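Colleague: I am new to reading structures of this kind, and I would like to go through one with you feature by feature. Could you take me from the whole chain to its parts?

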Amino acid sequence: MYQPSGDWPMLAIAIVPYQQYGKTFPIDEALYKGTLFPDLYRPYKPEKGGYHD
Amino acid sequence: MFLYQKTLQFPVKVETTNPALAALILEQLGGADGEMAAGMRYLTQRYYMPLPEARALLTDIGTEELSHWEIIATIVWKLVEHATDEQIKNSPYAQHFANHGRNPFPHNAAGVPFTAAFFNAKTDPIADLHENMAAEQKARATYEHLIRMSNDRGVNQTLSFLREREVVHFQRFGEMLDKVQDYIYSKHRRRDDNLDYHRIRQEHDRYGMR
Amino acid sequence: MTRYNKDFEELMALQFAIVELNLFLDTHPDDEQALRDYNRLVEQFEMAKKAYTEKYGPLVNFGYGKSKHPWQWVNEPWPWDR
C-alpha cells in the first residue's frame, strides 16, 4: 500500500503511475488491438458482466 | 499546420447495412464525449500549457482524435451507403435523413448538434488535464455502450480499437498531469534544508511513481 | 465490401506503431529505447511511403510527394470509400 512521505504527494491532487517502456506487440497485432503495449491492453468483454479485464 | 494523409488510422470493415446503428454511432461524431469534442478540446488547450511536452502531447492527441472523427464518419457512411429509402424510413436515421440525407453530420445520437459548450480550455493546466482525463473515460464508456448495441463484427472491431485508444490517452494525460504538477508545485513548495526537488524525485522512484 | 490491399495495410500498421511511440515519447522524452524503436519504424515507414507513392501517387497533400500526370492526388478511392 503506497505511503506518502514528506509533503509529496500533497492532498487534493491525483496521480497516475508512469508507464515503463518494456514489451511491445508485433505491429500488425498492435494495430488490431489498439495499442503497442501489453501493459495498456484492456479489452472490453460485455459477456463478462460488462467489466473489462 | 494541418495536412492530410490519404489513409484511415484503422482498416474499417463494415459488414452490414444498418441505419439504426448509424444513428447511434453519430454520438461519437458530434456528441459531448465524442471525437470532434476531443480533438477541438485538446487542440484548443495547447496555447497556455507551461511545458513544451504538454504542448506536444495536446497537439498529437488532438490530431489523432481528428483521425478518429474521420473513422466514425466512415462507419456511419458505410452503414447507410447502400441502404434503401425504405430501410432508412423505418429507422431512427430518418430524422437525420430529413435534414442531411445519407451524409454523416456532427450531432449526437439524440440529434443535439455539436457545440463548443461540450468542451473547455481554462488556461489552468491542472483543470484542463483533469477535463481531458475525464473525457477519455467518458469516451471509453460510450464505446462500451455502442459495442453492446452493435451486432456488426467489423463495426465492433473498429469500436474496440477506438475504445482502447481512450485507455492509452488517459494514461498519457495522467503522466502529463504528473509532470505539470511537479513543475507547478515545486516552485511553490516550502523550502527548508531537508526538502529539495531532487530528493522528492528520488522518493518518487522509491515508491514506483516514475 | 471493403478491400484493403497489403501495401495499404502495411502503411496503416507502421503508422499506428509510430503514433503510439510518438505519444509515449511526448511523456517520456528521455527514453532511449523508445526513441530507437521510433526511429527504426520511421525508416521503414519512409520506404513504404516511397514505394506506395511511386505506385499510386501522393499520400499526403501540400507537397509531401510528387505526382505523375494527370494530377494523382484526386484519384479514388478516398480512404473512407475503400
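**Reading chain B step by step**

Modeller: Let us begin with the chain as a whole, where buried residues make up 53% of the 210 residues in chain B. Please keep in mind throughout that this is a predicted model.

Colleague: How many helices and how many strands are there in chain B?

Modeller: Chain B has nine helices and zero strands, and its pattern along the sequence reads α-α-α-α-α-α-α-α-α. As for how the chain folds back on itself, 74% of the contacts between residues at least 6 apart in sequence join residues that are at least 24 apart.

Colleague: Is His82(B) buried or exposed?

Modeller: A residue is called exposed when its relative accessible area is over 50%, so His82(B), with a value of 57%, is exposed. His82(B) sits in the loop between helix H4 (52–80) and helix H5 (85–89) of chain B, and, leaving aside neighbours within four places in sequence, His82(B) is in contact with Thr17(B) and Gln87(B).

Colleague: How much area do chain B and chain C bury between them?

Modeller: The size of an interface is often given as the accessible area that is lost when the parts come together. Here chain B and chain C bury about 2,700 Å² between them, with 60% of it on carbon and sulfur atoms. Tyr4(B), Gln5(B) and Lys6(B) supply 26% of the area that chain B buries against chain C, more than any other three residues. In terms of contacts, 33 residues of chain B meet 33 residues of chain C.

Colleague: How many salt bridges are there between chain B and chain C?

Modeller: The count is two, and Lys13(B) forms a salt bridge with Glu9(C), in which the closest N and O atoms are 3.4 Å apart. On the side of chain B that touches chain C, H4 and helix H8 (153–188) each supply at least two residues, and the largest share, ten residues, comes from H4(B). The residues of that side divide into 16 nonpolar, five polar and twelve charged.

Terms used:
Residues are numbered from 1 along each chain as its sequence is written. Chains are lettered from A and ligands numbered from 1 in the order in which they are written. This is a predicted model: local features need pLDDT of at least 70, side-chain atom pairs count only at pLDDT 80 or more; totals for chains, interfaces and linings use all residues. Side-chain values use heavy atoms; hydrogens and water are left out. Helices (H or I, at least four residues) and strands (E, at least two) are DSSP runs, numbered from the N terminus. Buried means under 20% relative accessible area, exposed over 50%, partly exposed in between (1.4 Å probe, protein chains only). Contact means heavy atoms within 4.5 Å. Buried area is the accessible area (1.4 Å probe) that two parts lose on being put together, summed over both. A salt bridge is a side-chain nitrogen of Lys or Arg within 4 Å of a carboxyl oxygen of Asp or Glu. Ala, Val, Leu, Ile, Met, Phe, Trp, Tyr, Cys and Pro count as nonpolar, Asp, Glu, Lys and Arg as charged, and the others, Gly among them, as polar.
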